[in-house]
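Subject: Structure handover

Hello,

Here is the structure for you to look over. Please open it alongside this note.

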Amino acid sequence: MKRISIALAFVLVLVGSALAQNANTQPSVTIVPADPVVVRAGSSSPAQLVFRVNSGFHINSNKPNSELLIPTSLKLSPPTEVMIAGVKYPAGEQLVFPFSPDEKLSVYSGDFKVSALVRAARGTPVGTYRVHGELKYQACNNRQCFPPKTVPVFFDVRIAKGSRR
């Protein structure tokens, strides 16, 4: 029984080590949770979406410096009561990498913010509405780029009573 316990513990250590190593070698982008965007019926309000690229990786900016690179893009699908306008991306950081030593690439790493304007029509009922979407990106490390991925995105919009005129 003692041998089986030791063997099982050894296997668990190996599996845990392999999973931890895999998590550090695979790129990922996550959205940082935020409070709902509050908008008065008949007006608009800015939304700030914060994304995080895991350590050791970067992703192409929305305007990479090469046509061969896949730009980061955010597509939002709001419910019919809410409109999204003017998605704005930050400027990328201009960096040179060993796999492309002759040109600077425009990339995001760490945390970066994408903003948009959220609008609610004058007659929009008070309530909370969820905006869904996806962020498409291509991640790289200092040696290689990985296949493009998408990450689901969502945030809540709370519609408040509009002002009386």
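Below is what was found in it.

**Ground rules**

The model is predicted: local features need pLDDT of at least 70, side-chain atom pairs count only at pLDDT 80 or more, and totals for chains, interfaces and linings use all residues. Residues are numbered from 1 along each chain as its sequence is written, and side-chain values use heavy atoms, with hydrogens and water left out.

**Overall**

The protein chain has 1 helix and 12 strands. Here helices (H or I, at least four residues) and strands (E, at least two) are DSSP runs, numbered from the N terminus. The order from the N terminus is α-β-β-β-β-β-β-β-β-β-β-β-β. Of the chain's 165 residues, 32% count as buried. Buried means under 20% relative accessible area, exposed over 50%, and partly exposed in between (1.4 Å probe, protein chains only). Take contacts (heavy atoms within 4.5 Å) between residues at least 6 apart in sequence: 73% of them join residues at least 24 apart.

**The β7-β8-β4-β11 sheet**

This open sheet has 4 strands in the order β7-β8-β4-β11, with antiparallel pairing. Two strands pair if DSSP finds at least two bridges between them. The edges are β7 (93-97) and β11 (139-140), each pairing on one side only. β7 and β8 run antiparallel and are joined by 4 bridges. F97 has S100 of β8 as its bridge partner.

V107 sits in β8 (residues 100-108). V107 is buried, at 1% relative accessible area. Beyond its neighbours within four places in sequence, V107 contacts H58, I59, N60, S61, G92, E93, L95 and F97. S61 is 46 residues from V107 in sequence, yet their C-alpha atoms are 4.5 Å apart.

**N141**

N141 lies in the loop between β11 and β12 (149-160). N141 counts as buried because its relative accessibility is 12%. Its side chain reaches the backbone nitrogen of R143 at 2.8 Å. The N141 side chain also reaches the backbone nitrogen of Q144, at 2.8 Å. Outside the four places on either side in sequence, N141 is in contact with G56, F57, H58, F99 and F146.

A second open sheet of 4 strands runs β2-β12-β10-β5, with mixed pairing. Its edge strands are β2 and β5, each pairing on one side only. The twist averages 30° from one strand to the next. That angle uses axes that are lines fitted to C-alpha atoms (for helices over the stretch in contact), and runs from 0 to 180 degrees between N-to-C directions. β5 and β10 pair in the antiparallel sense over 5 bridges. L74 has L135 of β10 as its bridge partner.

The largest nonpolar core has 29 residues, of which F51, L135 and F155 touch the most other members. Such a core is a set of buried Ala, Val, Leu, Ile, Met, Phe, Trp, Tyr and Cys residues joined through side-chain atoms within 4.5 Å. Elements giving two or more residues to this core are β2 (37-40), β3 (44-53), β5 (73-77), β9 (111-120), β10 (127-137) and β12. β12 gives the largest share, 5 residues. Neighbours within four places aside, F51 has contacts that include L74, F112, V114, L135 and V153.

Best wishes

Note on methods: Polar contact = N/O pair within 3.5 Å; in protein donor to acceptor, adjacent residues only side chain to side chain.
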